[in-house]
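Colleague: Hi! I'm new to this one, could you walk me through it?
Modeller: Happy to, let's bring it up.

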Amino acid sequence: MTQTKEFDIIALGRACIDLNAVEYNRPMEESMTFKKYVGGSPANIAIGSSKLGVKSGFIGKIPDDQHGRFIKKFMSEAGIDTSEMVTDHEGHKSGLAFTEIKSPSECSILMYRENVADLFLKPEEISEDYIKKTKMLLVSGTALAMSPSREAALKAISIARKHNIQVTFELDYRPYTWNNPTEVEIYYSLVAQQSDIVIGTRDEYNQMEGLEKGDNQTTISNLFKHQPNLIVIKHGVEGSYAYTKAGESYRAGSYKTNVLKTFGAGDSYAAAFLYAISVGKEIETALKYGSASAAIVVSKHSSSEAMPTVAEIEELIQAQS
């Protein structure tokens, strides 16, 4: 990614509201106070990228209400270009995610995703001129769950391919958004095969492949027959693996941290990994950046506001190397 462009990355997909329980170590039924943040995987990745000094833009749809204005203002103040955030005038609302923090290992999310604005982004609202301004387009899997957002994402990918813009697919599988597992297999495979970089957990790749228990070698053998040249597969506390089409493989472990909650790790991982790749760091180093960034975010209350700086990531890597 050496060419001069206005943006290093443009993320496409959902930007919504996270309501994180302020009271820790108790079930949601007993939680009385929640703190509001911006959430949604592509929004978090854009925020995390911007905090790392990456020039970031965002394509998505937000409601014409207080939540929509809060999202746009927060992201704009985080340094993200929000000129292509489309306002919905058809009465659709923001997705809401209530998070429960029972213990560091027992966290759950109660999602409200019916008729949410982000899934009503239309193909005709995708600007070719805007996408041409970036080095990388990042698409999250949830954007593929319904029409017309699905077609909007496919159109954006088609434009990126046309202009030799790198496409990254963050699998971001959320079961409650999909009608059935077959649709997940179809559309995830379709987009993964057209992407240059694919990032996800082992469980998410299993969903894409329609398997209960897949294996990394089979995954990469299948995907490397297509467009991808870099595949990242995360295995939780076991660490993460990266594979290149040239046959190289890399692994990085996870970093010790004082875990508060489990959500937000994947988004911070993707932001830091892609940042490291974009500035020319080795793939093994990029895996470490991703793991360290994830460790920092799970130790804090929010996802978006907790995204770390480069200095914080490098400090953790150094401390545990």
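Colleague: Which residues point one way from E4, and which the other way?
Modeller: This is a predicted model, to start with. Ser56, Phe58, Gly60 and Ile62 point one way from E4, while Gly57, Ile59, Lys61 and Pro63 point the other way. Both sets are buried.

Colleague: Which strand does E4 join by 6 bridges?
Modeller: That's E5, residues 81–88, and the two run parallel. Ile59 stands opposite Glu84 in E5. E4 also pairs with E1 (residues 7–12) in the parallel sense, over 4 bridges. There, Leu12 is opposite Ile59 of E4.

Colleague: What do E4, H2 and E5 make together?
Modeller: A right-handed β-α-β unit, with H2 spanning residues 66–77.

Colleague: Switching topic: what's the strand order in the open sheet of 4 strands?
Modeller: The order is E3-E2-E6-E7, and the pairing is mixed. E3 (34–39) and E7 (106–112) stand at the edges with a single partner strand each, so one side of each has no neighbour in the sheet. From one strand to the next, the twist averages 25°.

Colleague: How do E2 and E3 pair, parallel or antiparallel?
Modeller: Antiparallel, over 6 bridges, with E2 covering residues 16–21. Asp18 stands opposite Tyr37 in E3.

Colleague: Which strands does H2 touch when it packs on the sheet?
Modeller: H2 touches E2, E3 and E6 (96–103), and its direction makes about 65° with that of E3.

Methods:
Residues numbered from 1 in each chain as written. Predicted model: local features only at pLDDT ≥ 70, side-chain atom pairs only at ≥ 80, totals over all residues. Heavy atoms only, no water. Buried < 20%, exposed > 50% of the residue type's maximum accessible area, 1.4 Å probe, protein only. Pairing = 2+ DSSP bridges. Right-handed = clockwise from strand over helix to strand, strands pointing away. Axes fitted to C-alpha atoms, helices over the stretch in contact; angles between N-to-C directions. Contact = heavy atoms within 4.5 Å.
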